[in-house]
Amino acid sequence: MQWLHQLEWNFLVLSVLGMAAAMGIQMLMAFGLSPLLGSIETMAPSMVVAMIVPMLVDVSELSGWMFGGFDAATVGAASGFLFFVYLGWYGAIFRRRLARAWPAKEVK
Amino acid sequence: MHGQVLFLAVGTGVDITRFPAGQTIIGIDISVEMLRRAEARRRAYRGQIAFVLGDAERLAFGDGSFDTVVSSCTMCSVPHPVVALKQLYRVLRPGGRLLMFEHVRSGSWPLGLALDVMTLWTRLLGTEMNRDTVANVLTAGFQIVRIESVYLDIILSIHAVKPINREV
């Protein structure tokens, strides 16, 4: 998306094209890696990062804070790490909720 | 898994390698090609498996024919999941078990949104990644016994039963 932004086209066009390109690449990666990961669902978190980070970069550039390729990559890496932390927290919360809703028992 | 088992949507049969030995299973799939691909795994299974060409939404089995129904990543691809689940309910005997391994929409808004967006693409390949399968299981009349998280709240192992004293 950063590369597309450097074309200096209309902001909305760049946003839509950039998002589509980022998601397309993510989807290809998901299908490519799915035999290793076991499923493409495990790519959903990186899809989130692929959607949000390009928008952050675009909005920042719209407000006058210009990003270079290295800056954009840094923001992407930081966002990925933060989302990784969020997933750990969310997963723990969800498992706790499950344990409360369906306490372990076996049907005879 | 016990008694007469219905295995819904055989696919390539990769799940068969994980089934406990010695079961009596009927596996169905809507695709002849998939059943053909699964044939080697069927032969390798140490138990009895028969394959039947069939549609999950129109099961050609009598009411209460099975003790256990097993599905793996199926409800994302069935056009009308509640219709299929009601068919599973019908062919299970009262007290019979429904064992599912399914991926569903996440309750987390960023993850749910990502799955909604991914579905725009994956739908073209025949799979929906944002279904509320737990709600669909309940709608079909099952009682949920246990849900286990395999991956966050996206990939779930769902264990449900057909109530003994209730019909939909």
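Is B:Cys73 buried, partly exposed or exposed, and how many C-beta neighbours does B:Cys73 have inside 10 Å? Here are some notes to read beside the model.

1. First, the ground rules. This is a predicted model, in which local features need pLDDT of at least 70, side-chain atom pairs count only at pLDDT 80 or more, and totals for chains, interfaces and linings use all residues. Residues are numbered from 1 along each chain as its sequence is written, while chains are lettered from A and ligands numbered from 1 in the order in which they are written.

2. Back to the opening question. B:Cys73 counts as partly exposed because 18 C-beta neighbours lie inside 10 Å. The cut-offs are 20 or more other C-beta atoms within 10 Å for buried, 12 or fewer for exposed, and partly exposed in between, with C-beta atoms placed from the backbone. B:Cys73 sits in the loop between strand S4 (66-72) and helix H2 (81-91) of chain B; helices (H or I, at least four residues) and strands (E, at least two) are DSSP runs, numbered from the N terminus. Although B:Cys73 is not a glycine, its phi is positive, about 50 degrees.

3. Who are the neighbours of B:Cys73? Not counting residues up to four places away in sequence, B:Cys73 touches B:Phe101, B:Glu102 and B:His103, where contact is taken as C-beta atoms, placed from the backbone, within 7 Å. The C-alpha atoms of B:Cys73 and B:Arg42, 31 residues apart along the chain, are separated by 19 Å.

4. B:Leu152 is not a glycine, yet has a positive phi of about 50 degrees. B:Leu152 belongs to the loop between strand S6 (143-151) and strand S7 (155-161) of chain B, and counts as buried because it has 21 C-beta neighbours inside 10 Å.

5. Now the interface. Chain B brings 22 residues into contact with 19 residues of chain A. On the chain B side, strand S5 (92-103), helix H3 (109-122), S6 and S7 each give two or more residues, and H3(B) supplies the largest share, 7 residues. That side divides into 16 nonpolar, 3 polar and 3 charged residues. Here Ala, Val, Leu, Ile, Met, Phe, Trp, Tyr, Cys and Pro count as nonpolar, Asp, Glu, Lys and Arg as charged, and the others, Gly among them, as polar.

6. H3(B) has 14 residues and reaches 19 Å from its first C-alpha to its last, close to the 20 Å expected at 1.5 Å a residue (1.5 Å times one less than the number of residues). Its buried residues are B:Leu111, B:Ala114, B:Leu115, B:Val117, B:Met118 and B:Thr122. Seen down the axis, the buried residues of H3(B) fall within an arc of 165 degrees, so they line one face of the helix; the arc is that of the directions from the helix axis to the C-beta atoms. On the other side of H3(B), B:Trp109 and B:Leu120 are exposed.

7. Finally, chain A. Chain A has 4 helices and 0 strands, and buried residues make up 23% of its 108 residues. Leaving aside neighbours within four places in sequence, A:Ala44 is in contact with B:Leu111, B:Ala114, B:Leu115, B:Met118 and B:Ile154. In the largest nonpolar core, which has 59 residues, A:Ala44 and A:Met47 have the most contacts. Such a core is a set of buried Ala, Val, Leu, Ile, Met, Phe, Trp, Tyr and Cys residues joined through C-beta atoms within 7 Å.

Key:
Two residues are in contact if their C-beta atoms, placed from the backbone, lie within 7 Å.
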